[in-house]
Amino acid sequence: MAWSIEGSYVENCNCDVVCPCTWSGFSRKATHERCNVLAGFRVERGEVDGVDVSGLHFGLIIDAPQQMTDGNWRVGILIDDAASEEQAAKLQAVASGELGGPITAFAPFIGEALGVERVPVTWNESDGRHQVRFGDVAEVTLEDMRSIEGKEMTLGNVPHPAGPTFTLSPSKRAKVAAFGVTFGAPDTNGLSTPFSWSG
């Protein structure tokens, strides 16, 4: 069956601002020996195989080599514990790429699935600030960068499943410890954007 979800996306990684992987189309190395990423999704509206998943969240924890295109990524999935078992299964199928969609662009790089964890999620966005918490395993606060004229600073033409254009949103606070992947610090790379997926 067809599916579609849309909502808000945030990303924080351990790279310096701005992450070289994004502006180079993944041709440049990350700024540290490993690239550690939290990718968070808030589904504002969505249906997967006839199951309404609106208002729910999921996230990906990624541990990748400095050169991300070398592959052998280690990836864990976080699922909103407010989801029913049926909803959680559908979100997991989307997050893993089992149902196709944009996330499958990363499938060739994944070498190890770290598992799935259900966690409570809080997600607040206002006035260019994004505060996202996945239980006790991930908490980030990102703040949109603005020019001296007050305009959002954006990065375009990015080959990324969440979309081609992002607002630069460096971390004010970041702490991640999930699936054996630990990172987080202020003033690290952050991105935000609306997203729309279907399959």
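Biologist: In this predicted model, which strand does Gly-46 lie in?

Modeller: The model is a predicted one, and its strands are numbered from the N terminus. Residue Gly-46 falls within the run of residues 34-48, and that run is strand E2.

Biologist: Is Gly-46 buried or exposed?

Modeller: Leaving aside neighbours within four places in sequence, Gly-46 is in contact with several residues, among them Ser-4, Ile-5 and Val-53. Its relative accessible area is 12%, and because buried means under 20%, Gly-46 counts as buried.

Biologist: How is the aromatic pair of Trp-73 and Phe-109 classed, stacked or edge-to-face?

Modeller: A search of the whole structure finds 10 aromatic pairs, and one of them joins Trp-73 and Phe-109, with 5.4 Å from centre to centre and 20 degrees between the planes. Since planes under 30 degrees apart count as stacked, the pair of Trp-73 and Phe-109 is stacked.

Biologist: How many residues apart in sequence are the parts that this pair ties together?

Modeller: Trp-73 belongs to strand E5 (residues 73-80), whereas Phe-109 sits in the loop between helix H2 (85-96) and strand E6 (110-119). Trp-73 is buried, at 2% relative accessible area, while Phe-109 is partly exposed, at 23%. The pair therefore ties together parts whose separation in sequence is 36 residues.

Biologist: Which residue of E8 is the bridge partner of Thr-122?

Modeller: Strand E7 (residues 121-126) and strand E8 (residues 129-134) run antiparallel and are joined by six bridges. In the hairpin that they form, two residues stand between the strands, and Asp-127 takes a positive phi near 50 degrees. Across these strands, the partner of Thr-122 in E8 is Arg-133.

Notes
Residues numbered from 1 in each chain as written. Predicted model: local features only at pLDDT ≥ 70, side-chain atom pairs only at ≥ 80, totals over all residues. Heavy atoms only, no water. Pairing = 2+ DSSP bridges. Helix = DSSP H or I, 4+ residues; strand = E, 2+ residues; numbered from the N terminus. Phe/Tyr/Trp six-rings, centres within 6.5 Å; stacked < 30°, edge-to-face > 60°. Buried < 20%, exposed > 50% of the residue type's maximum accessible area, 1.4 Å probe, protein only. Contact = heavy atoms within 4.5 Å.
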